[in-house]
Amino acid sequence: MKVEIRSDSVVIDGYVNAVERNSKLMCGKDGAFVEKISEGAFSKALQRNKKFNREVRVLLNHNYGRQLASTNESTTKIEEDNIGLRCKCEVRDAEVVQMAKEGKLAGWSFGFVALSEKNTDIDGVRHREIRELELREVSILDNTRIPAYNGTSVEIRETEDFIEIREIQDEMEVTSNTTKEKKKFNQKFEQRFLKIRANL
């Protein structure tokens with residue numbers, strides 16, 4: 001993420017998601033999974049949005065009450081290139097400008113609805129490939145959020161969840177690649193995730 005601070009605004013430029021790249025291990029209603037977005041999925045979504053005159057909003061931390069910009073404005077550009085989904089926008093929100101000055105902007109994320117996906121089991125872990133989607137928003141994240149992708153961001157969980165879930169993800173990086181151990185880790189991840197959620 002490149003941040004250019006101006007007198008009363010900030011220009012933010014970076015990749016919201018790199019296509020064809022696996023996320024970290026995440027957990028949803030159907031259990032733990034790894035996710036990636038197919039090349040071209042964002043381009044198709046943006047074309048549909050343009051055809052039906054639907055804007056893509058730029059939010060702070062996925063909060064629809066904190067809209068910072070949108071594709072209806074000339075200062076916002078969202079497109080897919082050969083790397084992935086890129087967003088460049090100028091934000092005049094005073095709080096975001098101040099966070100930029102204090103180095104508290106952490107990265108990007110986005111909100112979407114999957115229209116077409118393929119699920120496969122690889123060594124006991126479900127892999128979810130999003131082939132088509134409806135892109136609803138991209139979000140600028142502050143330092144209270146932790147991305148599920150290395151270098152970019154996708155589905156963001158509550159900060160409280162990640163206090164322990166991040167530790168579990170770190171364990172995965174040093175776990176053996178055997179199918180048996182991955183399945184065991186997957187079960188452990190789901191159990192601890194559900195326990196955290198129940199206590200929130």
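This is a predicted model: local features need pLDDT of at least 70, side-chain atom pairs count only at pLDDT 80 or more; totals for chains, interfaces and linings use all residues.
View 1. Rings of Phe, Tyr and Trp (its six-membered ring) pair if their centres lie within 6.5 Å; planes under 30 degrees apart count as stacked, over 60 as edge-to-face and the rest as tilted. Because phenylalanine 42 belongs to helix H1 and phenylalanine 110 to strand E9, the pair ties together parts 68 residues apart in sequence. Helices (H or I, at least four residues) and strands (E, at least two) are DSSP runs, numbered from the N terminus. Both phenylalanine 42 and phenylalanine 110 are buried, meaning under 20% relative accessible area, with exposed over 50% and partly exposed in between (1.4 Å probe, protein chains only). Ring pairs join Phe42, Phe110 and Phe112 into a cluster.

**View 2. Here is the largest nonpolar core, with 32 residues.** Such a core is a set of buried Ala, Val, Leu, Ile, Met, Phe, Trp, Tyr and Cys residues joined through side-chain atoms within 4.5 Å. Leu133, Leu135, Val138 and Ile140 touch the most other members. Strand E10 (125-142) is among the elements supplying at least two residues, and E10 gives the most, five. Leaving out residues up to four places away in sequence, valine 138 has contacts (heavy atoms within 4.5 Å) that include Val16, Leu59, Trp108 and Phe110.

**View 3. Look along helix H2 (94-101) for its buried residues.** Val96, Val97, Met99 and Ala100 are buried. They lie on the same side of H2 because they cover an arc of only 160 degrees around the axis, taken from the directions from the helix axis to the C-beta atoms. After H2 comes glycine 103, with a positive phi near 70 degrees.

**View 4. Strands E5 and E6 form a hairpin.** E5 (residues 57-60) and E6 (residues 63-70) run antiparallel and are joined by four bridges; two strands pair if DSSP finds at least two bridges between them. Leucine 59 has glutamine 67 as its bridge partner in E6. Two residues lie between the strands, and asparagine 61 takes a positive phi near 55 degrees.

Definitions and conventions: Residues are numbered from 1 along each chain as its sequence is written. Side-chain values use heavy atoms; hydrogens and water are left out.
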